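Subject: Predicted model for your set-up

Hello,

Here is the model you asked about. My notes follow below it.

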Amino acid sequence: MPLIIVTGLPTSGKTTRARQLYDYLSARLGTQQAQQQQQQQQTPSPSPNPNSNPKPPYRLHFISDSTLSISRTVYDLSPAALPAHVRSANASEKDARAAVYGAVKRVLSPRDIVVLDGLNYIKGWRYQLYCEAKNVRTPSCVLQIGAGVERARAVNEARLSARGKRAREEKEDGPSRVSKEEDGKNENAPQQQEQQQTQPQKIEEGASSHSQKANDHSGDDRDNIDDDEEPYEPSNWENLVFRYEEPNPMTRWDSPLFTLIWEDDEAQTRAVFDKIWDAVAGEGRKVVKPNQSAVQRDKDPGGDYLYVLERETQDIVKRILERQPDEGGGEVTLPRVNNNPAGSGEGSDLVVELPGKKVGLPQLQRYRRAFVALNRGGIGLEAVGKLAAERLRESFVGYLNDAFEKDG
Ligand code: ADP
Ligand code: MG
């Protein structure tokens with residue numbers, strides 16, 4: 001597939017299920033490969049034909065914040081959690097998303113199955129991933145992990161107190177113990193044991209020899225799966241629950257939508273995984289035509305999205321160059337809607353805060369191109385026409401403000 005986007009509230013059991021799914025897929029791929037090999041042996045072709053195995057085996061990948069060393073703090077919007085030099089509260093989260101996007105893009109193909117474990121809570125972000133899969137002609141689906149807010153909160157609280165306890169122990173026991181336990185990256189044996197005990201039973205297909213085979217062709221990503229025991233700060237956790245955008249199976253990008261809840265037992269879990277397998281690699285796998293969404297967008301009243309993206313960002317660059325004061329610095333006010341003189345647009349104006357030095361065309365074009373590249377897949381594109389243009393302008397101005405702030 002195939003891209004399997006796992007989503008759910010913080011500490012709701014996403015990683016647990018994602019790992020189960022990874023193990024399940026790994027075992028099924030092993031079985032599939034063994035069957036193919038058997039068939040080949042039973043029907044020896046007269047001449048060795050390189051096309052006798054028409055489909056190369058699937059490769060399996062596991063991507064998550066922890067495999068990319070992304071900390072929980074990137075989601076923290078509370079002012080106290082921000083380093084002094086960071087102005088935009090969600091800049092670190094944007095960087096994290098870019099890293100995840102890059103990691104998915106690097107491996108995703110019709111023969112690479114990616115299990116993307118994470119919050120994946122923004123619908124525009126899920127839309128972007130869906131477009132990316134479509135671009136490489138591979139299906140995508142969403143696996144929602146359902147757990148009650150209270151239960152998920154309790155998990156985070158338990159992790160917070162475990163962290164507090166560890167910190168106290170380290171303090172008391174002095175540096176020798178500390179060096180053994182370091183930080184969360186190199187989790188040590190006792191913690192892993194504990195995790196295996198608390199983790200619900202693994203769902204596996206077939207005998208373990210299959211898993212071994214499956215591992216052979218699934219790359220070594222499984223080794224990269226780190227422990228995800230790091231808690232969220234309470235305010236960060238609450239805020240993420242508040243910001244969570246439920247998947248909607250009526251939309252293209254959130255479907256097919258599969259759901260597992262905390263209480264689902266092994267049989268139910270397996271039934272859902274079977275369905276996912278079917279959508280990803282089995283009979284139910286759809287033929288994906290790339291760029292259909294772009295074609296559809298052509299018919300939108302506002303015109304082609306990429307064209308609008310170019311037009312609006314060009315317009316903003318042009319206006320900044322025209323209006324910035326010669327001595328640099330200060331602000332430039334831009335209309336929210338193209339072709340309107342500043343001040344007469346609908347809603348308030350957009351404000352670009354310029355850096356100390358005057359900005360030149362090359363610098364602005366560089367930012368513009370980076371922004372265009374980031375948003376080519378579209379984000380929040382349910383908005384069409386004028387609304388899409390307005391959102392793009394607003395988002396590009398936000399991007400420039402962040403960039404100028406970083407430049408100092
Ligand atoms: P997330 O990835 O959403 O932060 P985790 O998968 O790390 O959540 O799960 C949090 C904790 O809850 C872990 O200790 C895990 O063992 C436990 N857990 C998760 N799902 C279940 C479940 N379905 N049944 C029992 N315990 C679970
Ligand atoms: Mg997790």
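The side chains of R368 and E310 meet in a salt bridge, at 3.1 Å from N to O. The term means a side-chain nitrogen of Lys or Arg within 4 Å of a carboxyl oxygen of Asp or Glu. R368 sits in helix 12 (residues 361–375) and E310 in helix 11 (residues 305–323), so the pair ties together parts 58 residues apart in sequence. Helices (H or I, at least four residues) and strands (E, at least two) are DSSP runs, numbered from the N terminus. R368 is buried, with a relative accessible area of 7%. E310 is partly exposed at 32%. Buried is under 20% relative accessible area, exposed is over 50%, and partly exposed lies in between (1.4 Å probe, protein chains only). Salt bridges that share partners also join R311, E312, D315, R319 and R393 into one network.

This is a predicted model: local features need pLDDT of at least 70, side-chain atom pairs count only at pLDDT 80 or more, and totals for chains, interfaces and linings use all residues. Residues are numbered from 1 along each chain as its sequence is written, chains are lettered from A and ligands numbered from 1 in the order in which they are written, and side-chain values use heavy atoms, with hydrogens and water left out.

More on charges. The whole structure has 20 salt bridges. One of them pairs R28 with D274, at 3.5 Å from N to O. R28 belongs to helix 1 (residues 14–42) and D274 to helix 9 (residues 266–280), so this pair ties together parts that are 246 residues apart in sequence. R28 is partly exposed, with a relative accessible area of 22%. D274 is partly exposed too, at 32%.

E230 and R163 form another salt bridge, at 3.6 Å from N to O. E230 is in the loop between helix 7 (208–217) and helix 8 (234–243), while R163 is in helix 4 (residues 149–173), 67 residues apart. E230 has a relative accessible area of 34% and is partly exposed. R163 is partly exposed at 27%.

Which charged residue is buried yet has no salt bridge? It is E390, in helix 13 (residues 385–407). The nearest side chain of opposite charge, R336, is 4.6 Å away. Charge here counts Lys and Arg as positive and Asp and Glu as negative; His and the chain ends are not counted. Neighbours within four places in sequence aside, E390 is in contact with R336 and V337. Contact means heavy atoms within 4.5 Å.

Five strands form an open sheet in the order 2-3-1-4-5, with parallel pairing. Strands pair if DSSP finds at least two bridges between them. Strand 2 (59–64) and strand 5 (257–261) are at the edges, each with a single partner strand, so one side of each is left without a neighbour in the sheet. Neighbouring strands are turned by 20° against each other on average, direction ignored. Helix 3 (residues 123–135) packs on the sheet, touching strand 1, strand 3 (112–117) and strand 4; its direction makes about 170° with that of strand 1. Axes are lines fitted to C-alpha atoms, for helices over the stretch in contact, and angles run from 0 to 180 degrees between N-to-C directions.

Strand by strand:

- Six bridges join strand 1 (residues 3–8) to strand 4 (residues 140–146). Among the partners are G8 with I145 and I4 with C141.
- Strand 1 runs parallel to strand 3, with three bridges. L3 has V114 as its bridge partner there.
- Both faces of strand 1 are covered: L3, I5 and T7 on one side, I4, V6 and G8 on the other, all buried.
- Strand 4 and strand 5 pair over five bridges, in the parallel sense. Q144 stands opposite T259.
- Strand 5 has F258 and L260 on a covered face, and L257, T259 and I261 on an uncovered one.

Last, the totals. The chain has 13 helices and seven strands. Of its 408 residues, 46% are buried. Among contacts between residues at least 6 apart in sequence, 82% join residues at least 24 apart. The chain exposes about 20900 Å², with carbon and sulfur atoms supplying 50% of it. Accessible areas come from the Shrake-Rupley method with a 1.4 Å probe; for residues, only the protein chains shown count as cover.

Best wishes
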